[in-house]
Amino acid sequence: MKRVFVIIIILFSVVSCDKTEEKVETKISKPKAKKIEFGFNYADFNVIHDTIQKGDSFGSIIQSQNIGEKEVYKIVEQVKDSFNVRTIRYNKPFTLLRAKNKTNNLEVFIYQPDALTYYVVDLRDSIAKAYKKVKPVTLKRKIIGGVLKSSLSETLGNNSVEAALASRITKVFSWSIDFFKLKKGDRYGLIFTERFINGKTYDGVEDLQAAFFEYKGKIIYAFPFEKDTLSGKIEYYDDEGKTLKNFFLKTPIKFSRITSRFSMNRYHPVQHRWKAHKGTDYAAPRGTPISTTASGVVEQTGYTAGNGNFVKVKHNGTYSTQYLHMSKILVRRGQRVTQGQTIGLVGSTGLASGPHVCYRFWKNGVQVDALRLNLPTGESLTGNDKTRFLKQMEPLKRELDSIGNL
């Protein structure tokens, strides 16, 4: 009986040992991933990330790391040909790499003037060295489109695209589309490239390759084309090779809404009587930039009780425009201005019930409704330029058409 009991104990011990060994074998510790940034393995240093504060300088920062004033001067002299320490600016990030030992001495200083560039000051040798590096950038193509459910800016935001693209698109189409008149349900398609630093950090939109918007029931395309390959200047054209850049911009303000149209009999909100309103009112916040809708020469600037601060621009022998109720005039009489140039700021001077610009238009000396005019357009591509453009444009148009199911 004793013999049987001993055997059972031995078997139990063996089984218990086996279970213990099995548990030990399943506990596998994974090595921690190395973090390498700016070409340095952070595991080799004590790392400090900080931001330049007001009053900071390169000298004050490294002096705070137990480096004497004479040594700081020596370092500045050694690196001055590669890194001008006076260029560091407030609110820019920097990184300190300190020795991972008892001394904890500063070994590397890294300064980032922007998301793409960084300067390294290496103090590990007796002679300090500095160099500039640019992080690798990857371009990724992105295609979005469908039906507008909100404003252009909101639509881009919902697709995780930077808001700056909205301004770029507005500028491209500014001669042909008033974006405040786009409606929910209008179709659109965009092809563009985005920048990614080190292949992962988003750095904005690089370029707009192709686009279309449905506007008042018509599809308007935009394709970039370099007509003069030596100048490198890019202009945008529609699918037939007609330039989108017309003689006049659609509106004098990028983001606004029409509050009153051209009329020969309108009830004046300030004078409280019926009278002609020979212009188009665009409401916008005070201080919004007002742009001249075409190039020309400033014919008049000044102030009247009715118009407030105003600017009038003569474009040629046929057309003139005027901009009223400015809070501030930014041009002078006789000055030549270019299309899209800011000539003043929105205000409510003169007879105005709120901040807006009254946009007036003359054709052959007669005030007319700018919204009803067939205004002159820009030139179209011809000959070899058109052939080259159509070859470049056609595959992009097929992509756009497939996005919007045209």
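This is a short walk through one predicted protein model, from the whole chain down to single residues.

Let's start with confidence. The model is predicted, so every residue carries a score called pLDDT, the predictor's confidence from 0 to 100. The average for the chain is 86. A score of at least 70 is reached by 87% of the residues.

Where does pLDDT stay under 50? Look at residues 4-31. Over that stretch the model has zero contacts beyond four places in sequence. Where pLDDT is low, the predicted coordinates should not be read in detail. We move on.

Now the overall picture. The chain has 406 residues, and 39% of them count as buried. Its secondary structure comes to six helices and 24 strands. Take the contacts with a separation of 6 or more: 61% of them join residues 24 or more positions apart.

Next, a sheet. Find β3, β4, β5, β6 and β7. These five strands form an open sheet in that order, with antiparallel pairing. Which strands stand at the edges? They are β3 and β7, the latter spanning 129-134. Each has a single partner strand, so one side of each is left without a neighbour in the sheet. From one strand to the next, the twist averages 20°.

Let's walk across this sheet. Strand β3 covers residues 45-51, and seven bridges join it to β4. Strand β4 itself runs over residues 93-99 and is mostly covered. Of its seven residues, five are buried.

On to β5, residues 106-111. Five bridges link it to β4, and the two strands run antiparallel. Here Phe94 has Tyr111 as its bridge partner. The two strands, β4 and β5, form a hairpin with six residues between them. In that turn, Asn104 has a positive phi of about 55°.

Then comes β6, residues 117-122. Six bridges join β6 to β7, again antiparallel. Val121 stands opposite Ala130 in β7.

Keep Phe94 and Tyr111 in mind. Both belong to one aromatic cluster, together with Phe58, Phe83, Phe109 and Tyr119.

Time for another sheet. This one is also open and antiparallel, with five strands in the order β8-β9-β10-β11-β12. Its edge strands are β8 (137-147) and β12 (235-237), and each pairs on one side only. Neighbouring strands here are turned by 25° against each other on average, direction ignored.

What packs on this sheet? Helix α5 does, residues 164-172. The helix touches β9, β10, β11 (218-225) and β12. Its direction makes about 35° with that of β10.

Zoom in on β9 and β10. Strand β9 covers residues 187-197, strand β10 covers residues 201-215, and nine bridges join them. Phe196 stands opposite Tyr202 in β10.

The charged end of Lys312 sits over the ring of Trp362, 3.9 Å from its centre.

Back to the aromatics. How many aromatic pairs does the count come to? The answer is 25. Let's look at Phe247 and Phe248. Their ring centres are 4.9 Å apart and their planes meet at 70°. Planes over 60 degrees apart count as edge-to-face, so that is what we call this pair.

Are these two residues buried or exposed? Phe248 has a relative accessible area of 3%, so it is buried, as the cut-off is under 20%. Phe247 is at 31% relative accessibility, so it counts as partly exposed.

Last stop: Asn364. This residue lies in the loop between β23 (356-363) and β24 (366-368). With a relative accessible area of 55%, Asn364 is exposed. What does Asn364 contact, leaving aside its neighbours within four places in sequence? The answer is Gly317 and Thr318. Asn316 and Asn364 are 48 residues apart along the chain, yet their C-alpha atoms are separated by 9.8 Å.

That is the tour.

Definitions and conventions. Residues are numbered from 1 along each chain as its sequence is written. This is a predicted model: local features need pLDDT of at least 70, side-chain atom pairs count only at pLDDT 80 or more; totals for chains, interfaces and linings use all residues. Side-chain values use heavy atoms; hydrogens and water are left out. Contact means heavy atoms within 4.5 Å. Rings of Phe, Tyr and Trp (its six-membered ring) pair if their centres lie within 6.5 Å; planes under 30 degrees apart count as stacked, over 60 as edge-to-face and the rest as tilted. Buried means under 20% relative accessible area, exposed over 50%, partly exposed in between (1.4 Å probe, protein chains only). A charge sits over a ring if NZ of Lys or CZ of Arg is within 6 Å of the ring centre and within 35 degrees of the ring normal. Helices (H or I, at least four residues) and strands (E, at least two) are DSSP runs, numbered from the N terminus. Two strands pair if DSSP finds at least two bridges between them. Axes are lines fitted to C-alpha atoms, for helices over the stretch in contact, and angles run from 0 to 180 degrees between N-to-C directions.
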